[in-house]
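Me: I would like to go through the side-chain contacts of this structure. Please keep the answers brisk.

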Amino acid sequence: MIRRRPLLTRILLVCLLLMASSVDGMLPIRITHAQPSPIEYQVKAAFLYQFFKFVEWPPQAFHATNQTICIGVVDGGPMASALQSVEGKEAKGRRVVVKRFKEPEELEFCHILFISSGMEDRMAEILDRLKGTSTLTVSDIDGFARRGGMINFITVENKIQFEINVEAAERAKLQISSHLLRLARIVSGGR
C-alpha cells in the first residue's frame, strides 16, 4: 500500500533535498512569489534549523539537564506555522523545541529567535531585551542585520539569501562557521 504525502510536505521535502545535496546544504533557494508565501516560510524554517549546524553557542547557553535546543518566534504569523516542520527534530544531539511569543514582553531565552516583519516597529526594543544573551537573531525585516540583528533573510532575483552581521554575533558570544559566512553577504551596523 502506497501512502501519499500532502502537497506541502512533498514541496518541503524537495526543498530540503535540494539543500542537502548542495554544498553544505545552504545554497540560495529560488522563490517565485512576489509576496511571502507559506512555502517561502517553510524554506526559511528549514534554514533556521540548518543554522544550528553552523553556529556555536557558549556552554552557558545550555543547561546540563536540558536536552533541548530552542527556536523562538515573535509575532510569528506564517513562520509560527512553518516551524512545526522542524519541531521535535534533533540538532546537535538535542531535540528542537519551538516557542511562540505574541509580544516582546513575553520573551524567554531561545538559541534562535525569529522576529517577524510584523514586529519591525518594536525591533529595537526586542534587540535591547536580548543584549547580554547568546540568542541568534534572525529576521526578514528590511535592513535587519545592518540595524543590529545577526541574520537577515533577503530575496535577490527570487532567491532566498541572507546577510550576516558578524560583529553582532560576536557581541553575543556566537561563533558562525566559515562555511555559512561564505554563503552570506557580510554586513555591519547596529550597536
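Me: Is K44 buried or exposed?
Reply: Relative accessibility decides this: buried is under 20% relative accessible area, exposed is over 50%, and partly exposed is in between, with a 1.4 Å probe and protein chains only. K44 comes to 3% relative accessibility, so K44 counts as buried.

Me: What are the ground rules for this model?
Reply: This is a predicted model, where local features need pLDDT of at least 70, side-chain atom pairs count only at pLDDT 80 or more, and totals for chains, interfaces and linings use all residues. Residues are numbered from 1 along each chain as its sequence is written, and side-chain values use heavy atoms, with hydrogens and water left out.

Me: Which residues is K44 in contact with, leaving aside neighbours within four places in sequence?
Reply: K44 has its place in helix α2, residues 38–54. Helices (H or I, at least four residues) and strands (E, at least two) are DSSP runs, numbered from the N terminus. Contact means heavy atoms within 4.5 Å. Leaving aside those neighbours, the contacts of K44 are M79, D140, F153 and I160.

Me: The charged end of K44 sits over the ring of which residue?
Reply: A charge sits over a ring if NZ of Lys or CZ of Arg is within 6 Å of the ring centre and within 35 degrees of the ring normal. For K44, the charged end is 5.0 Å from the ring centre of Y41.

Me: Which residue forms an aromatic pair with F47?
Reply: Rings of Phe, Tyr and Trp (its six-membered ring) pair if their centres lie within 6.5 Å; planes under 30 degrees apart count as stacked, over 60 as edge-to-face and the rest as tilted. By this rule there are seven aromatic pairs. One of them is edge-to-face, at 5.8 Å centre to centre with 70° between the planes, and the partner of F47 is F162.

Me: How many residues apart are F47 and F162?
Reply: F47 is buried at a relative accessible area of 0%, and F162 is buried at 2%. F47 lies in helix α2 and F162 in strand β9 (residues 159–165), so this pair links distant parts of the chain, 115 residues apart.

Me: F51 and F153 form an aromatic pair of what kind?
Reply: Both F51 and F153 are buried. Their ring centres are 6.1 Å apart with 20° between the planes, and the pair is stacked.

Me: Why does this pair tie together parts 102 residues apart in sequence?
Reply: F153 lies in strand β8, residues 151–156. The pair ties together such parts because F51 lies in helix α2.

Me: Which cysteine does a disulfide join to C70?
Reply: A disulfide is a pair of cysteine sulfur atoms within 2.5 Å, and the count comes to one. The S to S distance is 2.5 Å, and the partner of C70 is C110.

Me: Which residue forms a salt bridge with R122?
Reply: A salt bridge is a side-chain nitrogen of Lys or Arg within 4 Å of a carboxyl oxygen of Asp or Glu. The whole structure has twelve salt bridges. For R122, the closest N and O atoms are 2.8 Å apart, and the partner is E103.
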